[in-house]
Amino acid sequence: MASDEILDIAFDWVCKRRVDYSHNSDIWDLRWNWQEIKPKIQQALVSGDYTFSALKEIRTDSDIIELWCATDALVLKALAIVLGEHLDEVISDKCHHVQGRGGAKQAIRSTMKSLTPGDYVMKSDVKSYYASIDHDVLFELAEQYIPDSFVLRLIRQYLCRTGCFGENYREITQGISLGCPLSPLMGALYLKPLDDAVEATGLFYARFMDDWVIIAPNRWKLRKAVRIVNQVLDRLKVEKHPDKTFIGRAKKGFDFLGYHLKPEALTPSCQTVKKHAEHICRLYEQGADDNRIRQYVRRWAIWLQAGLSSLVDRCIGLLSRTDCTTPLCVMLR
């Protein structure tokens with residue numbers, strides 16, 4: 001973690017992520033004084049004295065955004081890089097959001113390749129995943145696979161953090177930090193018991209963060225898999241999202257990672273199309289010109305198709321049945 005190579009990579013990352021931050025943000029002090037600050041960070045890491053500061057909380061009507069200081073974000077990124085290499089063989093290759101596992105598109109491709117009309121499917125995710133993660137359960141998992149005591153101390157600080165809003169401080173006793181570079185890796189590790197249990201059944205399984213799909217050749221094997229999933233989630237102290245769980249015949253179709261999957265067809269999900277149309281409406285309301293909207297539509301179409309078979313024609317058909325999207329259909333053509 002304290003090597004020049006790792007810290008420089010983490011420094012480049014945090015600079016790019018915060019390039020648009022305000023002029024009085026601490027990222028600019030870190031950028032201008034990096035050559036003086038880096039040796040101090042290295043010394044603190046090598047000696048085992050590095051300590052995370054309290055997070056700044058930015059509160060909105062619907063959410064609380066936790067902002068790590070620039071130096072802490074850099075150290076967390078360095079930690080994520082090193083742990084990512086260390087845990088590469090520990091975390092299941094069915095967990096596709098981890099770097100090098102193909103991402104969401106690989107999860108979709110492998111699922112479609114395995115799906116047949118006679119199959120039975122369970123698709124679900126964890127309700128309020130990041131916010132529901134139990135610190136003690138996650139730390140016990142970390143202790144099983146990470147032998148370094150100083151790294152474990154940093155992970156404990158990352159979990160049991162302090163939030164600051166104005167002059168008010170609060171201890172955060174549950175959940176992991178949204179937007180933190182270490183959180184995707186910790187999120188992958190937390191559901192490792194689920195990965196291991198489902199893979200032991202021999203059924204098809206794919207996961208992207210807290211979204212997963214299981215394919216079984218008959219209902220009896222699927223029922224057994226559902227029972228196993230419920231038992232593991234109980235031990236992990238989390239629960240399935242009731243509105244995002246599908247259990248039934250594959251031929252009925254189900255939503256997964258923004259797409260609607262059937263054995264014979266792959267289309268964008270209705271929710272994906274709805275959000276896309278709503279975003280275009282907002283752009284119109286904000287006075288965006290046709291060129292800006294056209295660029296957004298093209299980027300969305302590229303994302304939709306990336307690594308998959310062509311979906312534009314099907315997408316146009318769905319969009320043409322959605323209110324206020326006629327200009328969008330023209331642009332896509």
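**Ground rules.** I am working with a predicted model, where local features need pLDDT of at least 70, side-chain atom pairs count only at pLDDT 80 or more, and totals for chains, interfaces and linings use all residues. Residues are numbered from 1 along each chain as its sequence is written, and side-chain values use heavy atoms, with hydrogens and water left out.

**Helix pair.** I looked up helix 7 (residues 135-145) and helix 9 (residues 183-190); their axes come within 10 Å and cross at roughly 90°. Axes are lines fitted to C-alpha atoms, for helices over the stretch in contact, and angles run from 0 to 180 degrees between N-to-C directions. Helices (H or I, at least four residues) and strands (E, at least two) are DSSP runs, numbered from the N terminus. Helix 7 is therefore roughly perpendicular to helix 9 (65 to 115 degrees). Contact (heavy atoms within 4.5 Å) involves Leu141 and Tyr145 of helix 7 and Met186 of helix 9, among others.

I found 4 strands in an open, mixed sheet, ordered 2-1-4-5. Strands pair if DSSP finds at least two bridges between them. Strand 2 (64-67) and strand 5 (168-171) each have a single partner, so one side of each lacks a neighbour in the sheet. Strand 4 (residues 162-165) pairs with strand 5 in the antiparallel sense over 4 bridges.

**Cores.** A nonpolar core is a set of buried (under 20% relative accessible area, 1.4 Å probe, protein chains only) Ala, Val, Leu, Ile, Met, Phe, Trp, Tyr and Cys residues joined through side-chain atoms within 4.5 Å. The largest has 82 residues; Tyr158 and Met186 are among those touching the most other members. I noted that helix 4 (residues 70-86) gives this core its largest share, 10 residues.

Terms used:
Parallel < 35°, antiparallel > 145°, perpendicular 65-115°, else oblique. Buried < 20%, exposed > 50% of the residue type's maximum accessible area, 1.4 Å probe, protein only.
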